[in-house]
Amino acid sequence: MLNRRRFLASGAAAAAGTAALATQGAPTAEALRTTDAVTVLPSDPRYADLVVGNNSRWVGRPESVRLVTTTAQVVRAVQEAVSAGKRISVRGGGHCYADFVFNPAVQVVIDTSQMTAVSYDEDRKAFSVEAGATLLRVYESLYKGWGVTIPGGMCYSVGMGGHISGGGYGMLSRRHGLTVDHLQAIEVVTVDASGRARAVIATRESNDPNRELWWAHTGGGGGNFGIVTRYWFRTPGSTGSDPAQQLIHPPREVLVSGVGLPWSSLTPAAHKSLVRKFGAFHARNNTPDSPYAALCSFLMMNHKSNGSIGLLTQIDAGVPNAERLLQDYLTDLTADLDIQPLHSPAGELGPLPEFFTPQRLPWLSSVKLLGTSNPTLTNPTLRGHHKSAYLRQGLTDDQIAAMYRHLTREDHHNPASMVVLLSYGGKINSVRSDATASAQRDSLFKGLFQSFWGDPDDDAVNLAWTRDVFRDVFASTGGYPVPTPTGQTDGCYINYPDSDITDPAQNRSGVPWHTLYYKDNYPRLQRVKAAYDPRNIFRHSQSIGLPS
């Protein structure tokens with residue numbers, strides 16, 4: 001229900017926050033609308049759907065959820081909460097792996113999921129995307145409207161707010177870089193030292209006094225500095241006034257391949273050969289000008305109780321000799337192995353047997369198919385535990401042996417426990433590590449270690465399995481992939497937040513969590529925090545800290 005009395009009680013503070021919009025550039029007409037946000041209280045039947053995200057391990061009990069539709073409403077909601085001394089969190093798509101949004105300390109959840117507009121901004125010559133828009137909506141709107149896209153993630157229902165601020169990466173990133181490499185500007189609701197909420201627009205322009213706030217949202221993670229309400233995208237170097245020339249163009253068509261490799265034929269030697277070849281391929285083809293920059297592949301190694309592991313690969317069908325390049329890659333990795341159609345789930349994806357023979361699909365059709373072929377996105381009962389690693393070099397024999405040992409354990413029987421290796425590199429690595437807050441700019445591929453399950457009684461065994469395999473693969477560096485200037489590993493991905501990373505009993509590396517996520521960029525992120533959130537209003541269990 002709409003809590004009108006409480007809203008009126010904070011009218012003066014909210015008015016001050018709305019007035020602050022006018023001090024930070026020219027707000028849009030929509031931003032100046034003053035209609036109330038919808039306030040959902042625990043007695044409301046909508047409440048249960050609004051206090052849990054994609055991971056049902058994390059359920060909130062806030063006093064209220066504010067469903068906002070404009071920047072002005074966000075300013076008012078933030079001001080009201082700050083004036084009342086209420087702890088805030090922000091929800092976009094609801095895909096946070098950890099408890100950043102839903103935890104017992106949060107009293108007010110500000111939900112931006114109704115802020116979904118995608119448009120072209122003639123003044124900025126950039127595409128405006130509101131923070132609550134989901135990836136599939138953005139892909140469809142940009143492509144159908146103008147024939148352009150951004151190189152974002154595969155999961156269709158991920159929200160832009162957190163995806164972009166954490167760096168944003170997907171199947172086109174080896175050719176086109178991270179999403180933040182195309183970020184022109186951002187609008188953020190912040191709270192200053194006096195407790196006043198205001199909307200700030202920050203751009204990548206070198207003379208912008210708010211440029212550091214833009215920079216912090218190019219990989220600094222969500223929920224750290226304020227509430228993102230809108231992004232603007234334009235590829236650097238774009239010129240002219242034609243919107244269709246302001247962002248990258250996706251492939252006209254892609255070739256998609258999916259093959260299964262049965263565990264019954266995967267001996268330790270065969271598994272080692274497969275994983276080593278995956279790493280070697282990415283080491284050989286890591287430059288932006290490689291013909292294989294157009295290829296992205298996921299080696300999805302589910303526990304043997306699943307029956308098989310999967311190899312999903314996509315390549316731009318328009319590159320010269322695309323069919324041969326794809327076939328050479330598949331032959332290289334799977335030579336001397338038994339292969340079969342993907343009749344079983346692979347990684348997070350459902351069965352895809354029709355792609356045993358590579359299929360040519362229009363790009364948007366492939367995005368829809370792969371993005372929605374993921375039961376972990378649609379099952380509201382699922383619980384999860386997740387860990388990640390950036391890999392600069394292929395995995396060692398000892399690491400592969402540890403992985404194989406846990407993937408074939410007889411005392412574990414969850415087919416949705418997995419290790420996934422994901423293509424990285426290419427154009428991503430052409431950017432300096434300090435040019436954006438996304439510091440990992442020389443990795444070949446990434447690792448995602450995770451389990452999904454439904455019964456809370458199974459928490460202990462699944463948490464233990466995920467911790468065990470991750471700890472043993474990175475045993476030589478204290479159980480975590482420590483970043484070093486020339487080492488094999490380069491830390492962890494903030495968009496796959498790990499709820500164990502701050503626990504010294506699990507992270508025995510001696511390297512703090514913020515170095516694993518942000519490397520040398522962390523002190524700069526702290527300075528941005530001090531400038532734009534000096535009262536530490538926007539915080540969670542792994543948020544950027546104020547400088548000491």
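Cys-296 counts as buried, at 2% relative accessibility. Buried means under 20% relative accessible area, exposed over 50%, and partly exposed in between, using a 1.4 Å probe and protein chains only.

A word on the model. It is predicted, so local features need pLDDT of at least 70 and side-chain atom pairs count only at pLDDT 80 or more, while totals for chains, interfaces and linings use all residues. Residues are numbered from 1 along each chain as its sequence is written, and side-chain values use heavy atoms, with hydrogens and water left out.

Back to Cys-296. Which cysteine sulfur is closest to its own? That of Cys-155, at 12 Å, which is too far for a bond. A disulfide is a covalent bond between the sulfur atoms of two cysteines. Here the cut-off is a pair of cysteine sulfur atoms within 2.5 Å. The count comes to zero disulfides.

Next, Pro-358. This residue sits in the loop between α10 (322-334) and β13 (359-362). Helices (H or I, at least four residues) and strands (E, at least two) are DSSP runs, numbered from the N terminus. Pro-358 is partly exposed, with a relative accessible area of 28%. What does Pro-358 contact, leaving aside neighbours within four places in sequence? Val-256, Ser-257 and Leu-326. Contact means heavy atoms within 4.5 Å. Val-256 is 102 residues away along the chain, yet the two C-alpha atoms are separated by 5.3 Å.
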